Amino acid sequence: MHRLGPALLVMTACSFPGSGGSGGSDGAPPVLDAPLVIPDAELPVEDAPDAAPADVCGDPDLLLCLEFEDDLTDGTTTDGAGARELVATDVTGTPRASGGGTERAVLLGPTSVIYAAAEPAFQRDGNFTIELWVRADEQPAGERSVVVDHNGNYALILAPLMGPFMRLRCAMSGTINGAIPIPLGAWTHVACVFGVDEIRAYVGGLLAGVTGRGPDQDGNSDLVIGQDAPLAGGDNDRLRGALDDVKLWTRALSPEELTEIIDHDVP
């Protein structure tokens, strides 16, 4: 595993910009920066366990599940949970070690587009989880790399830090900037868990921050993967890297459930 070292405060809390159109809202709790620490624990970003789960997308509580194992050259990718066909243009497959073997992830380029057309099921009101594997290869051109966005309702974002690190940002009528650095170039599991009145950010299964959340806001866009929603065609907010096992759950996962997911699928 990729060991980040002993726990210590490495910098004072930074005031990153709020999520704006990506999950933010007027009157919501202010953006909270958890004190930035390097945990005295090993983030699961390299080694693999002995076994993988039998069916990543088989849980009935999954709203969306993208494994990217299908033919990505035809401009679509299939949702394993809801049988949706998502638009997926200008993307390529890339290998990812997983569960003792190798599976295919999706590599995003400067013109990549992945999105699911707007539908009522994507509007969430808490008790909801976004979790996925991400490999950020470089810092964004702008202030953030948007990973999952339902504009005005919720978002999972990576924000730049000094040096070769980023940090997780979770937004849903409130915003938390997670406290655990995410190294560039390494596969890392991240999760935003939205309860009825709070937001929890997890990096590698470790709690990276928690804050309250305000009244729900309606989303007003397609569900967009890898860049800001609505699709604006710009480059500043794009994720420069790769994604795998992008999952949206219709409930708030527990820390134990997140740990079980990671333990079965450490790259």
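The model is predicted, so local features need pLDDT of at least 70 and side-chain atom pairs count only at pLDDT 80 or more, while totals for chains, interfaces and linings use all residues. Residues are numbered from 1 along each chain as its sequence is written, and side-chain values use heavy atoms, with hydrogens and water left out. The structure holds 13 salt bridges, a salt bridge being a side-chain nitrogen of Lys or Arg within 4 Å of a carboxyl oxygen of Asp or Glu.

**Strand-to-strand pair and network**
- Asp245 and Arg96 form a salt bridge through their side chains, at 3.3 Å from N to O.
- Because Asp245 belongs to strand S20 (residues 241-249) and Arg96 to strand S8 (residues 85-98), the pair ties together parts that are 149 residues apart in sequence; strands are DSSP runs of E with at least two residues, numbered from the N terminus.
- Asp245 and Arg96 are buried, meaning under 20% relative accessible area with a 1.4 Å probe and protein chains only.
- A network of salt bridges links Arg96, Glu103, Asp244 and Asp245.

**Loop-to-loop pairs**
- Glu138 and Arg240 meet in a salt bridge between their side chains, at 3.4 Å from N to O.
- Glu138 is in the loop between strand S10 (128-136) and strand S11 (145-150), and Arg240 is in the loop between strand S19 (223-225) and S20, so this pair ties together parts that are 102 residues apart in sequence.
- In a further salt bridge, the closest N and O atoms of Arg144 and Asp228 are 3.3 Å apart.
- Since Arg144 lies in the loop between S10 and S11 and Asp228 in the loop between S19 and S20, the pair ties together parts that are 84 residues apart in sequence.
- Arg144 and Asp228 are both buried.

Conventions. Helix = DSSP H or I, 4+ residues; strand = E, 2+ residues; numbered from the N terminus. Buried < 20%, exposed > 50% of the residue type's maximum accessible area, 1.4 Å probe, protein only.
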